[in-house]
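Hi everyone, thanks for coming. Please have a look at the picture, and then we'll walk through it together.

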Amino acid sequence: MTMTNGAQCNRKQATQIILEYLANFPEAPSKTLAKKIYADHPTFPSFESVYSRVRYYRGQLGTQHRKGLKDKTFQKELKIEYTMKEKFLPESYANKRDTFIFPTGCKTLGVIGDVHIPYQDNDAIEAAFTEMEKQNIDSLYINGDLLDFYQLSFHEKDPRMVHFKQELEAGRQFLDYCRSRFPGIPIYFIPGNHENRFERYLRVKASELLDMDEFRLDVLLHVAEYGVQYIPFRSKVVFGDFLIEHGDKIPGAGGVVPARTALMRLKTNCLINHFHKTSSSSQRVYGPGESTTIRGYSLGCLCELTPEYLEINEWNHGFAILKRNGNLVQVNNYKIEGNQIV
Ligand SMILES: [Fe+2]
Ligand SMILES: [Fe+2]
């Protein structure tokens with residue numbers, strides 16, 4: 001169809017022209033086709049009006065227009081593989097912490113930590129265990145840094161110090177001793193930052209061994225042989241209404257009162273021992289209902305108090321016995337001075 005130059009085509013004529021071109025050039029891209037139509041027929045008001053009508057008949061102006069178009073002769077298929085295919089979020093590698101909750105049958109829990117074998121203080125350990133026996137603990141929890149793993153540290157080391165093999169043997173001997181002192185009760189152990197030196201060492205020096213069961217810490221320590229339940233590193237540990245952490249994950253240093261630092265960071269009833277210092281703190285929480293009080297405790301250690309790398313410090317020996325009534329936990333946080341419990 002041809003038009004006289006100078007006069008604008010009417011709507012019916014315009015439609016007829018567009019449909020003719022769509023029939024003759026079915027594979028031409030819409031924009032190219034519109035350019036050709038407008039070049040051949042400058043009687044159209046504008047290129048945009050041609051382009052828009054080409055896209056209209058091809059069903060490229062959105063769902064509403066596609067549905068409304070009666071003559072679908074030139075309507076193109078949508079690119080189904082893009083618009084209709086099911087989409088997925090990328091795989092997430094975010095870590096979620098495991099949670100370990102002490103069983104409800106556990107009512108009187110003895111807690112020790114920071115024994116730093118083989119640099120432990122045997123007199124302090126005996127004092128703690130004797131008191132725990134006296135109070136009839138029904139479970140024992142070793143809250144990290146049971147072993148020192150001095151030779152696996154990335155700090156400068158004295159090669160004459162106790163070797164890794166001896167440290168492991170001493171660790172096994174300690175677990176064996178715990179089992180003999182508390183024969184009938186569950187014993188739990190979670191690694192702390194010092195035991196984590198082992199995994200860090202493997203990552204850097206022997207990464208091929210990382211996924212081998214034979215090189216797992218719980219396997220090397222024979223925990224199953226001594227009936228000790230191993231709780232994976234970084235697990236969140238809950239006893240009644242208390243959160244028990246080793247304490248190394250708390251940002252910054254412990255400060256003058258480590259229990260206060262932990263309480264302010266964790267904002268819940270909590271117990272830690274990483275800072276080797278006995279302290280306690282409480283805080284009233286003003287809420288919409290009744291005010292509540294949250295409590296924090298940090299425990300003393302059971303290792304030597306004046307190690308060569310930090311001779312002057314504020315450490316002290318200590319341990320705790322936690323008693324639970326329902327979900328409510330009472331903490332007895334003991335300090336040991338000169339082998340006496342104070
Ligand atoms: Fe420690
Ligand atoms: Fe620690």
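Let's begin with a question: which strands does helix α6 lie across? Helix α6, residues 122–134, lies across β2, β3, β11 (317–325), β12 (328–337) and β13, and runs at about 20° to β11. Here, helices (H or I, at least four residues) and strands (E, at least two) are DSSP runs, numbered from the N terminus. The axes are lines fitted to C-alpha atoms, for helices over the stretch in contact, and angles run from 0 to 180 degrees between N-to-C directions.

Before going on, two notes on how to read this. This is a predicted model, where local features need pLDDT of at least 70 and side-chain atom pairs count only at pLDDT 80 or more, while totals for chains, interfaces and linings use all residues. Residues are numbered from 1 along each chain as its sequence is written, chains are lettered from A and ligands numbered from 1 in the order in which they are written, and side-chain values use heavy atoms, with hydrogens and water left out.

Now the sheet. It is open, has seven strands with mixed pairing, and its order is β5-β4-β3-β2-β11-β12-β13. At the edges stand β5 (228–230) and β13 (340–341), each with a single partner strand, so one side of each has no neighbour in the sheet. Strands pair if DSSP finds at least two bridges between them. Strands β2 (residues 108–112) and β3 (residues 139–143) run parallel and are joined by four bridges. Across that pair, valine 111 stands opposite tyrosine 141 in β3. Another helix, α7 (residues 164–181), lies across β2, β3, β4 and β5, at about 160° to β3.

On to the metals. Which residues coordinate the iron ion (ligand 1)? They are Asp114 (OD), His116 (NE2), Asp145 (OD) and His276 (NE2), at 1.9 to 2.3 Å. Donors are N, O and S atoms within 2.8 Å of the metal (3.2 Å for Na, K and Ca), and since water is not among the atoms, sites may look incomplete. The iron ion (ligand 2) is coordinated by Asp145 (OD), Asn193 (OD1), His246 (NE2) and His274 (ND1), at 2.1 to 2.2 Å. Aspartate 145 coordinates both iron ions, which are 3.3 Å apart. Aspartate 145 sits in the loop between β3 and α7 and histidine 276 in the loop between β8 and β9, so this pair ties together parts 131 residues apart in sequence.

Are these residues buried or exposed? Aspartate 145 is buried, at a relative accessible area of 1%, and histidine 276, at 4%, counts as buried too. Asparagine 193, at 24%, is partly exposed. Buried means under 20% relative accessible area, exposed over 50%, and partly exposed in between (1.4 Å probe, protein chains only).

Finally, the core. A nonpolar core is a set of buried Ala, Val, Leu, Ile, Met, Phe, Trp, Tyr and Cys residues joined through side-chain atoms within 4.5 Å. The largest one has 38 residues, and Ile112, Met132, Leu146 and Phe174 have the most contacts inside it. Its largest share, six residues, comes from α6. Leaving aside neighbours within four places in sequence, leucine 146 is in contact (heavy atoms within 4.5 Å) with residues including Val115, His116, Phe174 and Phe189.
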